[in-house]
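Colleague: Could you take me through this model slowly, and tell me for each term how you know that it applies?

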Amino acid sequence: MGEPSAERLAAELTAAGHLTPDWVEPWRAVDRADFVPARVWVSDPEGYRRFDRADDPDRWRALVYSDTVLVTQVEGGATEPEVSSWPTSSAMMPRMVAGMMAALDVADGHRVLEIGTGVGIGAALLSARLGDSAVTSIEVDPVVAAGARRSLDRAGRHPYLAVGDGMTGVPERAPFDRVLSTCSVRTVPWAWIAQTRPGGHVLTPWGTGLYNGVLLDLEVAEDADGRYATGRVVGDAAFMWERGQGTAPDFGFGVVGAGTPTIVTTTTTTTLDARVLSGSRDAAFAVGLLVPGVRSHIHRTAGTSGVAALDSLTLHLTDPETRSWARIEHVPGRTEFAAERAGPRDVLAEAEAALRWWHAAGAPARSRLGVTIRKSGQTEWLDTPETPIGTRA
């Protein structure tokens with residue numbers, strides 16, 4: 001196969017069926033090594049471990065041309081620890097980039113807005129495919145943006161780069177035929193819809209606190225009530241959260257801690273089967289939509305052999321905004337389980353009702369879910385916009 005290179009990576013992606021014909025030449029022309037910094041963080045059992053090119057240039061090059069995500073910033077850039085569990089910027093997995101570019105379905109003459117420049121690879125690929133003048137990219141982190149600009153300049157690519165909040169788009173460059181987000185959102189910003197031509201598309205990772213996430217393809221249109229966008233889930237796409245819609249990593253699942261006002265804990269029971277939310281991505285995503293703002297965490301109980309028992313677990317549900325939480329102790333063989341809840345929001349009751357809806361609807365796959373966005377708000381639905389989720393199945 002020869003030495004790792006952009007040519008070889010493009011060939012591997014093509015052989016695996018990830019590249020459509022119109023994207024082969026852009027992938028050959030854009031060298032990932034031009035955009036990956038010398039310091040990266042690589043997936044490790046403890047989290048993400050720091051790795052410097054100078055320590056092992058051959059390994060660094062092999063990583064760059066492998067089909068893997070490389071974290072390029074952790075903890076918001078405030079520190080650079082050896083190991084971190086909080087990545088904040090990355091060079092995305094090549095197959096994921098290729099899949100999103102294919103789903104974007106661009107054509108010659110299209111103007112594209114990319115939300116989240118990151119290291120600049122996406123902007124470079126779009127420029128190679130459509131031309132510099134057709135591509136606009138915005139990055140919220142000025143340090144990350146500066147690095148991307150340097151890399152793009154070295155690579156001879158000159159798309160329009162903006163620094164700022166991507167949730168507001170880039171109105172001075174609108175309208176766009178395509179908007180591509182490289183970060184997960186819970187709520188699709190109206191600005192993206194407003195800045196897209198009718199007939200254009202918005203492609204974005206979409207997630208909930210219980211499952212991150214899926215890929216959402218929205219078509220923009222107009223009717224008597226004005227502009228809107230509607231579309232459905234077209235695949236899976238686990239991306240870093242848009243910084244304004246994510247949840248701070250230091251919010252603990254115990255909730256009550258130093259400096260936290262004492263709240264009353266209620267002991268109760270529930271029939272909610274924690275194994276469903278921990279084992280079904282379809283259930284987790286749907287329930288997450290119906291309990292907005294709630295996060296989940298699974299703790300598996302070790303058996304006598306020291307190996308975590310598959311059916312013994314504790315499910316934690318938390319709402320950081322209201323400091324509300326619930327804890328369910330799942331015991332194999334039972335249909336009713338010990339639970340605790342606290343805080344002004346009854347996240348346990350909401351999760352129970354959401355899971356009942358999912359079962360009553362026939363346990364639908366997440367690919368049957370979609371969303372419609374108008375200026376007045378966002379409505380999630382099952383199969384068609386006429387069936388909002390949570391309604392009687």
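Modeller: An open sheet of 9 strands runs in the order β8-β7-β6-β9-β10-β11-β12-β18-β19, with mixed pairing. The model is predicted, so local features need pLDDT of at least 70 and side-chain atom pairs pLDDT 80 or more, while totals for chains, interfaces and linings use all residues. Residues are numbered from 1 along each chain as its sequence is written, and side-chain values use heavy atoms, without hydrogens and water.

Colleague: What makes β8 and β19 stand at the edges?

Modeller: Strands pair if DSSP finds at least two bridges between them; β8 (160-163) and β19 (377-382) each have a single partner strand, so one side of each is left without a neighbour in the sheet.

Colleague: How do you know that β7 and β8 pair?

Modeller: Strand β7 (residues 135-139) and β8 are joined in the parallel sense over 4 bridges, and E139 stands opposite V163 in β8.

Colleague: Why is M96 called partly exposed?

Modeller: Buried means under 20% relative accessible area, exposed over 50%, and partly exposed in between, with a 1.4 Å probe and protein chains only; M96, with a relative accessible area of 24%, is therefore partly exposed. M96 lies in helix α4, and touches D236, A237 and F239, leaving aside residues up to four places away in sequence, where contact means heavy atoms within 4.5 Å.

Colleague: Which residues of helix α1 are buried, and why do they line one face?

Modeller: The buried residues of α1 (residues 6-15) are A6, L9, A10 and L13. Seen down the axis of α1, they fall within an arc of 100°, so they line one face of the helix.

Note on methods:
Helices (H or I, at least four residues) and strands (E, at least two) are DSSP runs, numbered from the N terminus. The arc is that of the directions from the helix axis to the C-beta atoms.
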